[in-house]
Amino acid sequence: MTSYLVGSVANFSLAATVPLVAASCRRVRHVQGPPVLFDRSVLTGRLGDEWWLEQYYLKPYACCRYMHAAVDAIVDMRRPGKPVRSLRIETFPQGLKLSNARAPRTLEAGQYSYYFSCALAALHGAAALQPVDPAMLSDPAVLDLASRIELMEHEDFAASFPEKTPCRVVLDQGDGPETRTVFHPLGDVTNPMSRNAISEKFRRIGAANMNPAWQDEMLSALNGLLDGGFSRLFAAQNNQTHRLVQKMHQ
């Protein structure tokens, strides 16, 4: 857990550093790039007034965000017990540039496959992507549906990316084709997850490594962050890490 947290801090530090370096690069003559990416004023122009942290995308599903709109549409349309006769996904051109393996061999490959991730959502719901069980990589029903899904780009979405990652899904569950179009998937800045949904995601993905009492302690500390600062959060983390280390040496 400690190594995971350290890695997370390192990744966050890198993510925070890159735009600052990019903003400074415009001062170096041989570094080229779009002015909007290398203009220091983009980062400092409204410092203290506008918070970029509020413009983040929080992923509800353990797959590439390109396909989140498709997952949302599928989950919204699916009716328990109904078969999936056919499933067509229409999306923006960049979506077809992913690896999109129909029978991925690793979880990482599955995360970059419309076929696999959407088949998993259609058969097992959104919870199956929070997180993905490795056993699903060899699930016959999931692989069968993944082999039958149609994926294509559509001119309606040609100019959407990267500002938007929309998708249209045409699904036949035995009663004829139904259509859903999602322009702003769950987790997008314009369609944010609720606080309860974020807490439930935390509980699901941490269930394998965190007991319920520790999860409650961490969530309570996070909820009191604005008033109590980071001390309770660090204490919750350190106390449990200490208990785990003691248990390992027993």
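**Helix packing**

The buried residues of H7 pack against helix H8 (212-223), where buried means under 20% relative accessible area with a 1.4 Å probe and protein chains only, and helices are DSSP runs of H or I of at least four residues, numbered from the N terminus. This is a predicted model, in which local features need pLDDT of at least 70, side-chain atom pairs count only at pLDDT 80 or more, and totals for chains, interfaces and linings use all residues. Residues are numbered from 1 along each chain as its sequence is written, and side-chain values use heavy atoms, with hydrogens and water left out.

- Ser199, Lys201 and Gly206 are the buried residues of H7.
- Seen down the axis of H7, these buried residues fall within an arc of 155°, so they line one face of the helix; the arc is that of the directions from the helix axis to the C-beta atoms.
- The axes of H7 and H8, lines fitted to C-alpha atoms over the stretch in contact, come within 11 Å and cross at roughly 145°, the angle running from 0 to 180 degrees between N-to-C directions.
- On the H7 side, the contact (heavy atoms within 4.5 Å) is made by Arg195, Ser199, Phe202, Arg203 and Gly206, and residues of H8 including Pro212, Met218 and Leu222 take part.

**H5 and H6**

- Helix H5 (residues 114-124) packs with helix H6 (residues 140-148) at an angle of about 125°, and their axes are 8 Å apart.
- H5 and H6 are therefore oblique to each other, a class for angles that are not under 35 degrees (roughly parallel), over 145 (roughly antiparallel) or 65 to 115 (roughly perpendicular).
- Residues of H5 including Tyr115, Phe116 and Leu120 meet Ala141, Val142, Leu145 and Ala146 in H6.

Key. Buried < 20%, exposed > 50% of the residue type's maximum accessible area, 1.4 Å probe, protein only. Helix = DSSP H or I, 4+ residues; strand = E, 2+ residues; numbered from the N terminus.
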